[in-house]
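I opened my notebook to look up how this chain packs and pairs.

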Amino acid sequence: MIEADGTISRLFSASTKPEDLKWHMDDEDRVITVLGKTNWQFQFEDQLPVSLDKPIFIKRHQWHRLIKGDGPLMISIHKHARAKTI
């Protein structure tokens, strides 16, 4: 679901397979925030996993992944527009 301000809500179901949560990077900066309580985790490349109990800022082209926990995971993703270069 996309909100008026461009924020995206995304649901990962309880049946999401861990092998589907692949390392990836995105083309824009973003902040992800969990909607509700969860024991899912977040991991940046070359760092230990962290809980999702506070918003996480992800830089453009920074490798990261989610680590499956129990039950579903609902997050909001706020993408930051890239600055245009002249």
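**The core**

I looked for the largest nonpolar core and found 14 residues in it, with Ile 32, Phe 42, Leu 52 and Leu 73 having the most contacts inside it. A nonpolar core here is a set of buried Ala, Val, Leu, Ile, Met, Phe, Trp, Tyr and Cys residues joined through side-chain atoms within 4.5 Å. Buried means under 20% relative accessible area, exposed over 50%, and partly exposed in between (1.4 Å probe, protein chains only). I saw that β2 (30-34), β3 (41-44), β5 (56-58) and β7 (73-79) each give this core at least two residues. The largest share, three residues, is from β7. Strands (E, at least two residues) are DSSP runs, numbered from the N terminus.

I noted that this is a predicted model, where local features need pLDDT of at least 70 and side-chain atom pairs count only at pLDDT 80 or more, while totals for chains, interfaces and linings use all residues. Residues are numbered from 1 along each chain as its sequence is written, and side-chain values use heavy atoms, with hydrogens and water left out.

**The sheet**

Next I traced an open sheet of three strands, ordered β4-β3-β6 with antiparallel pairing. Its edge strands are β4 (50-51) and β6, each pairing on one side only. Two strands pair if DSSP finds at least two bridges between them; I found four joining β3 to β6. Across from β6's Leu 66 I found Phe 42, and across from its Ile 67, Gln 41.
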